[in-house]
Amino acid sequence: MIILKILLGLVGLGVVVFVHELGHFIAARAAGIDVEAFSLGWGKTILSKKVGTVEYRIALFPVGGYCKMRGDTDFQKAWQDNKDHVKEDRGTFLGAHPAARMLVAFAGPFFNVLFAVIVFSVIWGAGFEYTTMENRIVLASDINPGESYPAERAGLLSGDKIIAINKMKIENYYDIQTAVALNAKKDLQFTVLRDGKEMQFVIKPELEKSTGAGKIGIYFWADPVIENIDDNSAAAAAGLLAGDRILKINGQDFNYTVELLKILGDDKENTAQLNLEVLRAGKTFDTVLQLGEGNEDTLGIAWQAVHYKTPKYSPLGAIAKGSVETWKMFATSVYSLSLLFGGVDLTKAVSGPVRITYMTGDIAAAGFQQSIGKGLRSVGNFLAIISIALAVMNLLPLPILDGGLIVIFFVELLRRRPMNPRFIAAFQTVGIVLIAGLMIVAVFGDILFLFKQ
């Protein structure tokens, strides 16, 4: 299964990188710049075919790729030869007008964004179903006594229903998660329904350093009603069925599903034997649920959730919706980048190629286990997010990234004369050091991630 996940992940990442490099390729050809090679992957070429003047390659390491344009490294030769300018031959990258080079550099990230718009448009045009929980909450402090969280300190109580955040309507738990995650360290006004009365609270989400997301210390409230039972699970062995409601566990009233975390946490001897009182068709009965190692992970129960089905949009409506979703995700990616300088744990919050590959494959495998449609939607949604993140990263004004090149060419356009090769070489050296440092952190985080799998 792990090999399948990795293969699916490599295919998915290959699509995103192909789209990025295709943008550079098309823009370069349109600008009259000769493209010498177009490669999917890095390292040793294992397959190649020359069509016209372009050599198309598949390289040994499939994560990544490049579009090699004629003369794109001429400045390095000029620097090594101690020259103060680069010979601007027709058809070379540096021989093109600075505005054309800016367009070529921008085209890669732009195609990634365009890819996301197309994917989101198809998803929303076809319509889909997603599962979440209602907007009723449980305080984390009720599950983890002794811990203090923003929601508790602000005065929220388990059973409260959050109906608005900053005057934006909240319909389900997913809406709460989204609003909180994107607003770490910001004051948010919560409108809460308690015993039929609306109440106002101001809560400032804390920054979760392992993810970069905001948190206020809540869980979703879900009544302990079973929706599905996994075959060959502990729940199936105990005779539980869909529709059963668990009333008590080990003699304690069982009011909401996350109470299971506390019950198992209080199981000091780790017997993981749960004595259940169950309600089925108006009658109660007792049964014993014996868990193995991992406790709740082996339970085999899917609790009753809220299922939403989105409407199918018209083609124009789907494009509009896809564009809006892309913009939201683009803004979220920019915000997430800003958190890298706000004290997050970089080894957990920054994903390298190995972790992204695994996550892509994991999402694909999980989705396809349910249905082909679910698998395609899950993969497409995740790849669109990765594509946007790649666009944002490449637009950063750092040397060796597309954003850094755009800055150089823009300055050159204003100066109306080429930049000194020595300056460009020094600029890119700084960029290589910065990117290499970030990659080391990301790969180290990937290694820690894999050890946990």
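This tour moves through the nonpolar cores of the model and then through a selection of its salt bridges.

The model is predicted, so local features are taken only where pLDDT is at least 70 and side-chain atom pairs only at pLDDT 80 or more, while totals for chains, interfaces and linings use all residues. Residues are numbered from 1 along each chain as its sequence is written, and side-chain values use heavy atoms, with hydrogens and water left out.

**The nonpolar cores**

Begin by selecting I33, V35, M69, F93, V104 and F409, which touch the most other members of the largest nonpolar core, a set of 22 residues. A nonpolar core here is a set of buried Ala, Val, Leu, Ile, Met, Phe, Trp, Tyr and Cys residues joined through side-chain atoms within 4.5 Å; buried means under 20% relative accessible area, exposed over 50%, and partly exposed in between, with a 1.4 Å probe and protein chains only. Next, colour α1 (2–30), β1 (35–51), β2 (54–69), α3 (98–126) and α13 (402–415), the elements that each give two or more residues to this core; helices (H or I, at least four residues) and strands (E, at least two) are DSSP runs numbered from the N terminus. The largest share, five residues, comes from α3.

Now centre on F409, which touches F93, L94, P98, R101 and M102 when residues up to four places away in sequence are not counted, contact meaning heavy atoms within 4.5 Å. Apart from this core lies another, of 21 residues, and I176, I218, A222 and A305 are among them.

**The salt bridges**

A search of the whole structure finds eleven salt bridges, each defined as a side-chain nitrogen of Lys or Arg within 4 Å of a carboxyl oxygen of Asp or Glu. E412 is buried at 7% relative accessible area, and R101 is buried at 2%.

Select D160 and R194 next, whose closest N and O atoms are 2.8 Å apart in a salt bridge. D160 lies in the loop between α5 (150–154) and β5 (161–165) and R194 in strand β7 (residues 188–194), so the pair ties together parts that are 34 residues apart in sequence. Both D160 and R194 are buried.

Finish at R57 and E55, a salt bridge with its closest N and O atoms 3.3 Å apart; here R57 is partly exposed at 21% relative accessibility, and E55 is partly exposed at 23%.
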